[in-house]
Amino acid sequence: MIRFSKVNKWYGEYHALTDVTEQVSKGEVVVLCGPSGSGKSTLIRTVNRLEEIQGGEIFLEGRNVHSKGLDINQFRTRVGFVFQSFNLFPHMSAIDNVCLAPVKVSGETKAAAREKGMALLDRVGLAHKADSYPQQLSGGQQQRVAIARALAMEPPVMLFDEPTSALDPEMVGEVLNVMKSLAKEGMTMMCVTHEMNFAREVADHVWFMDQGQLIETDKPDAFFSNPRSERAKRFLSDLRSH
């Protein structure tokens, strides 16, 4: 579904991604972990071209994501993205946030988009908040609306960039539960998260990054019980000591 081949990214002199090569299969859940500044968020942002790359190639469903002739807006309808800070439109209700792209981008009628949008809000447990505005919702509710909005375009891939790190601890579970249900339904997902229990329970593979490099990838049980690299051992040891 997604293939990275020798991906390189610089910010000026800073080498943010170095020769990243790996792939995500259809229906697979990959959790990216590693210390802050290791390149995790940068890597998933290259998948829908929120970040450009300076070397290598990325393919999604066989299409070269960074090719010159790509219609970016059309392409992005195939990739749902959930941000750390929700990024809902504050002047629009929950249901209008969810319906905006299907109406504006796909040309759906407002009635059809609203019907689908209500079903999506129901799916994330928020049908009763359809007419509420973001400032009337808790952080966890806002993030669940953001997930519903990302799903509205029926993307085959969902990317999550630290979706719970801006939330109070008691709200984390409600967002992770929605992500777990998506995984059970077979959604292809890449998640940058510090929630290691989620990684243990839900991930098919864990990718460990440090200093812009993909250091190791493994199944969760193997990664958490017996990491191969010294850097991953140190990372997990620091996590446990906290």
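1. A quick word on terms before we start: helices (H or I, at least four residues) and strands (E, at least two) are DSSP runs, numbered from the N terminus. The model is a predicted one, where local features need pLDDT of at least 70 and side-chain atom pairs count only at pLDDT 80 or more, while totals for chains, interfaces and linings use all residues. Residues are numbered from 1 along each chain as its sequence is written, and side-chain values use heavy atoms, with hydrogens and water left out.

2. Aspartate 19 is not a glycine, yet it has a positive phi of about 50°. Most residues other than glycine have a negative phi. Aspartate 19 counts as partly exposed because its relative accessibility is 47%; the cut-offs are under 20% relative accessible area for buried, over 50% for exposed, and partly exposed in between (1.4 Å probe, protein chains only).

3. Phenylalanine 86 is another non-glycine residue with a positive phi, here about 70°. You'll find phenylalanine 86 in the loop between strand 6 (79-82) and helix 3 (94-104). Phenylalanine 86 has a relative accessible area of 11%, so it is buried.

4. Leucine 88 belongs to the loop between strand 6 and helix 3. Is leucine 88 buried or exposed? Its relative accessible area is 11%, which means leucine 88 is buried. Setting aside residues up to four places away in sequence, leucine 88 touches Asn97, Pro134, Gln142, Val145, Ala146 and Arg149; contact here means heavy atoms within 4.5 Å. From leucine 88 to valine 98 there are 10 residues in sequence and 9.3 Å in space, C-alpha to C-alpha.

5. Now for helix 3 itself. Which of its residues are buried? They are Ala94, Ile95, Asn97, Val98, Cys99 and Pro102. Helix 4 and helix 5 are included in what covers the buried residues of helix 3, and the next points take the helix pairs in turn.

6. Helix 3 and helix 4 have axes that come within 9 Å and cross at roughly 125°. (Axes are lines fitted to C-alpha atoms, for helices over the stretch in contact, and angles run from 0 to 180 degrees between N-to-C directions.) The two helices are therefore oblique to each other; angles under 35 degrees count as roughly parallel, over 145 as roughly antiparallel, 65 to 115 as roughly perpendicular and the rest as oblique. The crossing of helix 3 and helix 4 is right-handed, a label used if the near helix is turned clockwise from the far one by less than a right angle, with left-handed for anticlockwise. On the helix 3 side, the contact uses Ala94, Ile95, Val98, Cys99, Pro102 and Val103, and helix 4 brings Lys110, Ala113, Arg114, Gly117, Met118, Leu120 and Leu121. By class, that contact has 10 nonpolar, one polar and two charged residues. (Ala, Val, Leu, Ile, Met, Phe, Trp, Tyr, Cys and Pro count as nonpolar, Asp, Glu, Lys and Arg as charged, and the others, Gly among them, as polar.)

7. What about helix 3 and helix 5? Their axes come within 8 Å and cross at roughly 25°, which means helix 3 is roughly parallel to helix 5. This crossing is right-handed. Ala94, Asn97 and Val98 of helix 3 make the contact with Val145, Ala148 and Arg149 of helix 5. Four of the contact residues are nonpolar, one is polar and one is charged.

8. Helix 4 (residues 110-123) packs with helix 5 (residues 139-151) at an angle of about 135°, their axes 9 Å apart. So helix 4 is oblique to helix 5. Leu120, Leu121 and Arg123 from helix 4 meet Val145, Ala148 and Leu151 from helix 5. The classes there are five nonpolar, no polar and one charged.

9. Last, the nonpolar cores, meaning sets of buried Ala, Val, Leu, Ile, Met, Phe, Trp, Tyr and Cys residues joined through side-chain atoms within 4.5 Å. The largest has 50 residues, of which Leu121, Ile147, Met158, Phe160, Met179 and Met189 touch the most other members. Helix 6 (residues 169-184) gives the most to this core, at eight residues. Isoleucine 147, leaving aside neighbours within four places in sequence, is in contact with Val82, Met158, Phe160, Val175, Val178, Met179 and Leu182.
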